[in-house]
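Visitor: Could you walk me through this structure, one piece at a time? I would like to begin with a pair of strands.

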Amino acid sequence: MKIIRHSIAALMLLLLIPTAQASGPSYALQVDGLACPFCAYGIEKKLSSIEGVDDTQVNIKTGEVIVIMAEGAPLAEDLARKKVKDAGFTLRAFSRRSK
Amino acid sequence: MGKRILKALGGVTVVLLGLAVIVWLVWIPSAREVGYEFVSTWGEPGNAPGQFHDPTGIAVTATEVFVSDARNARIQVFDFDGHFKRQFGTKGDGPGRLGRPMNLRIDGDELYVADYWNDRIQVFGLDGAPHRSIGKSGKDPGEFNAPGGVAVAGNGDLYVADFYGQRIQQLHADGSFVRQWGHTGKVGIRAGEFNYPTDVALADDGTLYVADGYNDRVQVFSPEGRFVRKWGGPFGMNIFGPFNGWFATVTRITLDSSGNVFVADFYNNRVQKFSPDGTFLSTFGSKGTGPGQFEKVIAVAVARDGTVFVADFANNRIQKWQPKP
């Protein structure tokens, strides 16, 4: 029984691997002045307009914005800074996250 | 020498205390009503019917509560006891699709949705059927840059809080531009200027109330468009605080059937109620996750019988309150 359960778990893990590999690099942006969902959605909207952005996640409390790119699509810091500025905020830090 | 310093310090203390008393008397009003009591709550985080992922807007008819469920890109409809009835909308930018729906307004048998990411106002039937949309992305007259809220006049004209546009626009029902308040794209703190306006409300006589979001105030304009008054902290000039009549980011404004003004006071985790002329009446809510507590009040709606429904943003739930007997 235990072996069957382990086999199923291993199979599920194998199925998940291609999905994990499909997503590209992700970046952490530290943004000053995020006040409410109106701002959070504003930043998401501006960043999402960059070609290759798969997803954005905003944490209003910490001011951290995670940008997930498509495979092989890096995010340029200057472009991210411009988009954050367009949304009315200041980019304080920019770093590529390790997988 | 030491005596002189002590004397001077004493004088400063007296002056500061005097100033504090003046501020308290002039800018911190007492409640004039008995206030509201908590009735019930519904909702939890998730994407199933009755669950929410960022509730951001709320509006009511005589029997139903409509909620913007922003990250789930849908509108959910409940009865007054919180029983789920139906939902509509999916993520996207086509007709009937939504991109971060924000404040809601019901006019007659239609629901007006501030479709934030799609830079338009979408109009639905109360059954969820998409009827039409007004506006598109841009800075020109009649265009929007993230609309946060909308009000509808008796003649069908729309008043739209254009969040990044830093203006309020009045449009005819067909979307043609009538006029605007504020300078397009420019933040300001003087009367008639805005700092990320989030919502608008219209009185029966055409008086316009604006939730001037990051200016932490309400601004009022006459039916002819003239500035009438503003309130929110000392001088209504972007001074935020937790006291009665002060705000910490205003995200929704709506009126009851008597014309009283209800304001969602986001960071103060409360709803504040004012008379039509801005006199502070009462407040309810405090920070927390328990019954009757809020984690950021983002929207409020008042039923004809006086029942108040509140979108409790970070708790992902709706709360129902009623006037104390």
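This is a predicted model: local features need pLDDT of at least 70, side-chain atom pairs count only at pLDDT 80 or more; totals for chains, interfaces and linings use all residues.

Visitor: Which residue of E11(B) is the bridge partner of B:Val152?

Guide: The partner of B:Val152 is B:Leu158. Five residues lie between the two strands of this hairpin, and B:Gly156 takes a positive phi near 95°.

Visitor: Let us move on to E19 of chain B. Which strands are joined to E19(B) by bridges?

Guide: Strand E18 (residues 250-255) of chain B is joined to E19(B) by five bridges, and the two run antiparallel. Strand E20 (residues 270-274) of chain B also runs antiparallel to E19(B), with five bridges between them.

Visitor: What stands opposite B:Ala264 in each of those strands?

Guide: On the E18(B) side, B:Arg252 stands opposite B:Ala264. In E20(B), the residue opposite B:Ala264 is B:Val271.

Visitor: And what about the turns?

Guide: E18(B) and E19(B) form a hairpin with five residues between them, and B:Gly259 in that turn has a positive phi of about 90°. The hairpin of E19(B) and E20(B) has four residues between the strands, and there B:Asn269 takes a positive phi near 55°.

Visitor: Why is E19(B) described as largely enclosed?

Guide: Five of the five residues of E19(B) (residues 261-265) are buried, so the strand is largely enclosed by the rest of the structure. Both faces are covered: one side carries B:Val261, B:Val263 and B:Asp265, while the other carries B:Phe262 and B:Ala264.

Visitor: Now chain A, please. What is its secondary structure?

Guide: Chain A has three helices and four strands. Starting from the N terminus, their order is α-β-α-β-β-α-β. Chain A has 99 residues, and 28% of them are buried.

Visitor: How far does helix H2 of chain A reach?

Guide: H2(A) covers residues 37-48 and reaches 16 Å from its first C-alpha to its last, which is close to the 16 Å expected. Eleven of its twelve residues are buried, so the helix is largely enclosed by the rest of the structure. Among the buried ones are A:Phe38, A:Ile43 and A:Leu47, and also the charged residues A:Glu44, A:Lys45 and A:Lys46.

Visitor: What does A:Ile43 touch?

Guide: Leaving out residues up to four places away in sequence, A:Ile43 touches A:Val31, A:Val58, A:Val65, A:Val84, A:Ala87 and A:Phe89. The largest nonpolar core has 100 residues, and A:Ile43 is one of those that touch the most other members, a group that also includes B:Val150 and B:Val263.

Visitor: Is A:Gly33 buried, exposed or partly exposed?

Guide: A:Gly33 is partly exposed, because 13 other C-beta atoms lie within 10 Å, whereas a buried residue has 20 or more. A:Gly33 lies in the loop between strand E1 (23-32) and H2 of chain A. Beyond its neighbours within four places in sequence, A:Gly33 is in contact with A:Phe89 and A:Thr90.

Visitor: How many residues of each chain are in contact with the other?

Guide: Seven residues of chain A are in contact with 19 residues of chain B. On the chain A side, five of these are nonpolar, one is polar and one is charged.

Visitor: Finally, what are the confidence scores?

Guide: The model scores ipTM 0.87 and pTM 0.89. For chain B the mean pLDDT is 95, with 99% of its residues at 70 or more.

Notes. Residues are numbered from 1 along each chain as its sequence is written. Chains are lettered from A and ligands numbered from 1 in the order in which they are written. The expected span of a helix is 1.5 Å times one less than its number of residues. pLDDT is the predictor's confidence in each residue, from 0 to 100. Two residues are in contact if their C-beta atoms, placed from the backbone, lie within 7 Å. Two strands pair if DSSP finds at least two bridges between them. A nonpolar core is a set of buried Ala, Val, Leu, Ile, Met, Phe, Trp, Tyr and Cys residues joined through C-beta atoms within 7 Å.
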